Amino acid sequence: MKLVLLLSLVLASLSATAATLEIKFDETKKTGTIYFAVFNDDRQFPKGDSYATGSARVPAGTNSVVGSIDLPPGDYVISAFLDENGNK
């Protein structure tokens with residue numbers, strides 16, 4: 001019984017390990033700011049409360065990492081867009 005409990009605790013701790021999500025865009029065609037939101041509830045996607053958000057300025061024609069987020073295990077949805085003109 002103690003072995004089963006110990007094994008269960010070890011497995012639970014292994015499955016609860018966070019992973020790093022890297023958000024990368026390859027060869028953006030235009031310069032602008034990429035905004036992204038990570039949702040952990042598909043009912044909130046795309047306009048509800050997000051789990052994490054971020055943004056980064058990216059030049060045209062480059063490969064850009066715009067965010068890196070540590071996430072607990074689970075299912076996630078990502079929304080992203082490129083703002084080319086700062087909403088002008």
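This is a predicted model: local features need pLDDT of at least 70, side-chain atom pairs count only at pLDDT 80 or more; totals for chains, interfaces and linings use all residues.

Q: Is Ala56 buried or exposed, then?
A: Ala56 has a relative accessible area of 19%, which is under the 20% limit, so Ala56 counts as buried.

Q: Where is Ala56, and what is it in contact with?
A: Ala56 lies in strand β3, residues 52-58. Leaving aside neighbours within four places in sequence, Ala56 is in contact with Gly32, Thr33, Ile34 and Val66.

Q: How far is Ala56 from Tyr35?
A: The C-alpha atoms are 6.8 Å apart, and the two residues are separated by 21 residues in sequence.

Q: Moving to the rings: how many aromatic pairs are there?
A: The search of the whole structure finds three. One of them is formed by Tyr35 and Phe81, and it is stacked, with 5.4 Å centre to centre and 25° between the planes. This pair links distant parts of the chain, as Tyr35 belongs to strand β2 (residues 32-39) and Phe81 to strand β5 (residues 77-83), 46 residues apart.

Q: Are those two buried or partly exposed?
A: Tyr35 is partly exposed at 35% relative accessible area, and Phe81 is partly exposed at 48%.

Q: What about Asp83: which residues does its side chain reach?
A: Asp83 is also found in strand β5. Its side chain reaches the backbone nitrogen of Asn85 at 3.3 Å and that of Asn87 at 3.3 Å.

Terms used:
Residues are numbered from 1 along each chain as its sequence is written. Side-chain values use heavy atoms; hydrogens and water are left out. Rings of Phe, Tyr and Trp (its six-membered ring) pair if their centres lie within 6.5 Å; planes under 30 degrees apart count as stacked, over 60 as edge-to-face and the rest as tilted. Helices (H or I, at least four residues) and strands (E, at least two) are DSSP runs, numbered from the N terminus. Buried means under 20% relative accessible area, exposed over 50%, partly exposed in between (1.4 Å probe, protein chains only). Contact means heavy atoms within 4.5 Å. A polar contact is a pair of N or O atoms within 3.5 Å; within protein, one must be able to donate a hydrogen and the other to accept it, and residues adjacent in sequence count only if both atoms are side-chain atoms.
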